[in-house]
Amino acid sequence: MHYLNSNLFNNTATLKNKFSSAKPFKHIFIENFLDEKTVEVLFKELKNQEFEEKEADLFHLYQTKDFFNLENGKLSEFYEYFKGKEVKKLIEELTGIKLKGKIDMAGSLYKDTNFLLCHDDELSGRKIAFLIYLPKNFEEKDGGSFVLFDSKNEKPLNKTIKYLPKWNSFLMFEVSKISFHEVEEVIGKKERYAIGGWFH
Amino acid sequence: MIINKIYLDYEVLSQIGRAFKNSNPRMIKLDNLLDLKFYNELREKLNFLSFEKTKIPDKYSFSEFKINNEIDIEELGDFINKITEKKNKIKIKLRKYSWKDYKLIHDSENFSGIKFCIFILSEESWDSNNGGSFVFRSKEDYVFSPFSNSFFIIEKKKDMQDFVQYVNNKAGNKCFYVIEGTVFS
C-alpha cells in the first residue's frame, strides 16, 4: 500500500525551507499529503473506531485510544508505517530534527461546541507534533481551524496564522516553549476528524 | 440593602454558617442571594456598562469592569464574615463571561483560601450546556453553573484547582456577570 503522496519526495528542499522559515514558529502545512486511495481507506476505518469524550478546562473533544494499542487493520498498519524508517527519514530531512523512532498517534473528532484552547504541547520527549486532517468541506464559518499564536518572552500574544482543516492536509510543527496553538470551536453539524500525535 | 433579608435573619445565618463549617470541603450554595429589587436594578445597570475585554490566551479570557459604587462591599463583607465566622477583608471583581470566554487552570494561580461568587444573568436563564460553569477540582469536581441571583462560597485548599468552562456558541448573544470575591485573612 502506498501511504504518502509520492510527489512529497520530489519536493523536500522547498518543504524544508518552508518549515524552517515559518513564523511564528517552525511549522508546515502540506495539502494532498496521503495517497488518494489510502486516505479514503484510513478515513473509513477511523470513523468506525470508538471515540471517547474528553473534557477538561483546556479541551472538549473525542479521541480514540492510541493506535499503538490496535492489533490489526489499516490504521494499525499505518501506525507502523508512520513510525518506521521512511517517514522518520523524511521528517528528519524536512525539520532537521533528529528523531528517536517513537511516535504517539490517535484519532480525534471535534463536534459542535468542541474546542482545544491555547497551549504549547510541551511534554517530555515530544519533538514534532503532527496532524492529518480528514474533515470534508470545512469552511471558515464551521470553525475547527488550527490557529498559531505569536509570543513574547515565551507568553502567547496574538493569533497570527489560521489553517482550515482541509481534507488530506498535513500540519506539523516543532514543539517548543513558544509553539502556542489552539483549535477553534467547531460550530454546526460538520464533524472534524483527524489523525494526530507526536514524533519523539 | 443588597442582601435578601431572609439571609440576614440571625437563625438563618447561623444555619448557613453551620452548613458551611460542617461540609467537606467547606462550601455552600444559596439561591436568591441579593434583594430582588436590587438584583433587577443591578442587572439592568450591568447590561449598559462598558466592560473591558482582558485576555491572556493560555490563561483566561473575560471582560472586567472596575467597581465604583455598584456594590456595597461592606455589607457583602459583613455577610461573608458571618458565614465564615471570621473578621476578614474581602476583595471583589466584576466580570462578564460571553461566547469564547474561559479561565484555565494555571500553575501561577496558587491562591488557597475562601472564594465566593454571585451570578447575575443578562437574561432570565443560562443553560449549563453553554459552558461557563465554575469548577473546583480536587478528588472530585464541585461545579457551580451560572444561575440567576445565585451565590456560592467555597474554601479552596492547596490541592484544589479551579477553572471556568469555555463558553461555547450555544450561548449566542447571552452572557452572565459574576461578582468574584476572595477573602483575605
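This is a predicted model: local features need pLDDT of at least 70, side-chain atom pairs count only at pLDDT 80 or more; totals for chains, interfaces and linings use all residues.
Chain A contains four helices and 11 strands. Its C-alpha atoms occupy a box of roughly 45 × 40 × 30 Å along the principal axes. The radius of gyration of chain A is 16 Å, and a compact globule of 200 residues would have a value near 16 Å, so the two agree. Of the 200 residues in chain A, 52% are buried. Contacts in chain A were also sorted by sequence separation. Among those with a separation of 6 or more, 80% join residues 24 or more positions apart.

Helix H4 of chain A spans residues 85–95. Its buried residues are Val87(A), Leu90(A), Ile91(A), Glu92(A), Leu94(A) and Thr95(A). An α-helix has 3.6 residues a turn, so residues three or four places apart point the same way. The buried residues of H4(A) pack against both helices and strands of chain A. The helices are H1 (12–21) and H3. The strands are E6, E9 (169–174) and E11. Gly96(A) follows H4(A) and has a positive phi, near 70 degrees.

Helix H1 of chain A also holds Ala13(A). Ala13(A) has a relative accessible area of 60% and is exposed, because the threshold for that class is over 50%. Ala13(A) and Leu42(A) are 29 residues apart along the chain. Their C-alpha atoms are separated by 28 Å.

Two helix pairs were examined, one in each of chains A and B. Two packed helices are described by the angle between their axes and the distance between the axes. In chain A, helix H2 (residues 36–47) meets helix H3 (residues 74–82). Their axes come within 9 Å and cross at roughly 120 degrees. H2(A) is therefore oblique to H3(A). H2(A) contributes Val41(A), Leu42(A), Glu45(A) and Leu46(A) to the contact. H3(A) contributes Lys74(A), Leu75(A) and Phe78(A). By class, the contact of H2(A) with H3(A) has five nonpolar residues, two charged residues and no polar ones.

In chain B, the pair is helix H1 (residues 10–22) and helix H3 (residues 73–84). The axes come within 7 Å and cross at roughly 60 degrees. H1(B) and H3(B) are therefore oblique to each other. On H1(B), the contact residues are Leu13(B), Ile16(B), Gly17(B) and Phe20(B). On H3(B), they are Phe79(B), Lys82(B), Ile83(B) and Thr84(B). The contact of H1(B) with H3(B) divides into five nonpolar, two polar and one charged residue.

Side chains of opposite charge can pair when their charged atoms come close. Over all chains, the count comes to 26 salt bridges. One of these joins Glu139(A) and Lys190(A), with an N to O distance of 3.6 Å. The pair links distant parts of the chain, 51 residues apart. Glu139(A) lies in the loop between strands E6 (128–133) and E7 (146–152) of chain A. Lys190(A) lies in the loop between strands E10 (181–183) and E11 (192–199) of chain A. Glu139(A) is partly exposed, at 40% relative accessibility. Lys190(A) is also partly exposed, with a relative accessible area of 26%.

A salt bridge also forms between Lys159(A) and Glu184(A), at 3.5 Å from N to O. Lys159(A) lies in strand E8 (residues 155–163) of chain A and Glu184(A) in the loop between E10 and E11, so the pair ties together parts 25 residues apart in sequence. Lys159(A) is partly exposed, at 40% relative accessibility. Glu184(A), at 15%, counts as buried because the cut-off is under 20%. Both residues belong to a network of salt bridges that also links Glu140(A), Lys162(A) and Glu182(A).

In chain B, Glu64(B) forms a salt bridge with Arg95(B). The closest N and O atoms are 2.7 Å apart. The two residues are 31 residues apart and link distant parts of the chain. Glu64(B) sits in strand E3 (residues 60–65) of chain B, and Arg95(B) in strand E4 (residues 89–97) of chain B. Glu64(B) is partly exposed, at 25% relative accessibility. Arg95(B) is buried, with a relative accessible area of 10%.

Methods
Residues are numbered from 1 along each chain as its sequence is written. Chains are lettered from A and ligands numbered from 1 in the order in which they are written. Side-chain values use heavy atoms; hydrogens and water are left out. A salt bridge is a side-chain nitrogen of Lys or Arg within 4 Å of a carboxyl oxygen of Asp or Glu. Buried means under 20% relative accessible area, exposed over 50%, partly exposed in between (1.4 Å probe, protein chains only). Axes are lines fitted to C-alpha atoms, for helices over the stretch in contact, and angles run from 0 to 180 degrees between N-to-C directions. Angles under 35 degrees count as roughly parallel, over 145 as roughly antiparallel, 65 to 115 as roughly perpendicular and the rest as oblique. Contact means heavy atoms within 4.5 Å. Ala, Val, Leu, Ile, Met, Phe, Trp, Tyr, Cys and Pro count as nonpolar, Asp, Glu, Lys and Arg as charged, and the others, Gly among them, as polar. The radius of gyration is taken over C-alpha atoms; the globule rule is 2.2 Å times the number of residues to the power 0.38.
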